[in-house]
Amino acid sequence: MAYWLFKSEPSTWSWDQQVAKGDAGEEWDGVRNYQARNFMRQMKLGDRGFFYHSQKDKAIVGIVEVCAEAHPDSTTDDDRWDCVDIKAVRPFVKPVTLDQIKADPRLADMVLVKNSRLSVQPVSDAEWAVICELGQTRPD
């Protein structure tokens, strides 16, 4: 299993909206960055990801799961852009803020710290475990 981070502005797509989609999940559409698109093309069914609220809150608020592998993004006719579908798995007991992540030396090399603008990014096994610990949730 691989781990990922999905960033969303809560005013555009929030954790609550993701949860409301249930097991069917929702397309992670609208990504127009080649590196982020390429990460989505690497994703497999069952991969897990962090759901990150960007902008004001700047915090990881829950765990999602890839429920459909890369396919054409339905929001464009341009065949360069793909997306995956994700479904909510569970919320964090305590959101993990960007400030907490930046302050933790175990997370110093995390993509979120080094390239905070990338909307879809990989997360290492070690980073996954640390953030789940901080968020007081199971890492599985």
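**Entry: Asp82**

I looked up Asp82 and got 13% relative accessibility, so Asp82 counts as buried. The burial cut-offs I'm using: buried is under 20% relative accessible area, exposed is over 50%, and partly exposed is in between, with a 1.4 Å probe and protein chains only. Bookkeeping: this is a predicted model, so local features need pLDDT of at least 70 and side-chain atom pairs count only at pLDDT 80 or more, while totals for chains, interfaces and linings use all residues. Residues are numbered from 1 along each chain as its sequence is written, and side-chain values use heavy atoms, with hydrogens and water left out.

Asp82 sits in strand β5, residues 82-97. Strands here are DSSP runs of E with at least two residues, helices are runs of H or I with at least four, and both are numbered from the N terminus.

What does the side chain of Asp82 make a polar contact with? I found the side chain of Arg41, at 2.8 Å. (A polar contact is a pair of N or O atoms within 3.5 Å; within protein, one must be able to donate a hydrogen and the other to accept it, and residues adjacent in sequence count only if both atoms are side-chain atoms.) I then listed what Asp82 touches, leaving out residues up to four places away in sequence: Arg37, Met40, Arg41, Ala70, His71, Pro72 and Asp73. Contact means heavy atoms within 4.5 Å.

**Entry: salt bridges**

I searched the whole structure and got 8 salt bridges. The criterion is a side-chain nitrogen of Lys or Arg within 4 Å of a carboxyl oxygen of Asp or Glu.

- Glu26 pairs with Lys21 at 3.6 Å; Glu26 is partly exposed at 24%, and Lys21 is partly exposed at 37%.
- Arg106 pairs with Asp104 at 2.7 Å; Arg106 is partly exposed at 45%, whereas Asp104 is buried at 11%.
- Lys114 pairs with Asp109 at 3.8 Å; Lys114 is exposed at 59%, and Asp109 is exposed at 60%.

I also checked for networks, and salt bridges link Asp104, Arg106 and Glu133 into one.

**Entry: positive phi**

Next I looked at residues other than glycine with a positive phi. Gln55 has phi near 70°. I placed Gln55 in the loop between β3 (48-53) and β4 (59-72), and its relative accessibility is 44%, so Gln55 is partly exposed.

Gln136 is another, with phi near 55°. Where is Gln136 placed? I found Gln136 in the segment after α5 (125-134). At 46% relative accessibility, Gln136 is partly exposed.

**Entry: α5**

That took me to the helix itself. Which residues of α5 are buried? My list reads Glu127, Trp128, Val130, Ile131, Cys132 and Leu134. A reminder to myself: an α-helix has 3.6 residues a turn, so residues three or four places apart point the same way. I then asked what covers the buried residues of α5, and the cover includes β1 (3-8), β3, β4, β5, α3 (98-103) and β6 (120-123).

**Entry: aromatic pairs**

The whole-structure search for aromatic pairs gave 8. Rings of Phe, Tyr and Trp (its six-membered ring) pair if their centres lie within 6.5 Å; planes under 30 degrees apart are stacked, over 60 edge-to-face, and the rest tilted.

I looked at Tyr3 and Trp128: the ring centres are 4.3 Å apart and the planes are at 15°, so the pair is stacked. Tyr3 lies in strand β1 and Trp128 in helix α5, so this pair ties together parts that are 125 residues apart in sequence. Tyr3 and Trp128 are both buried.

Phe6 and Trp28 came out edge-to-face, 5.3 Å centre to centre with 70° between the planes. This pair also links distant parts of the chain, with Phe6 in strand β1 and Trp28 in the loop between β2 (26-27) and α2 (34-42), 22 residues apart. Phe6 and Trp28 are both buried.
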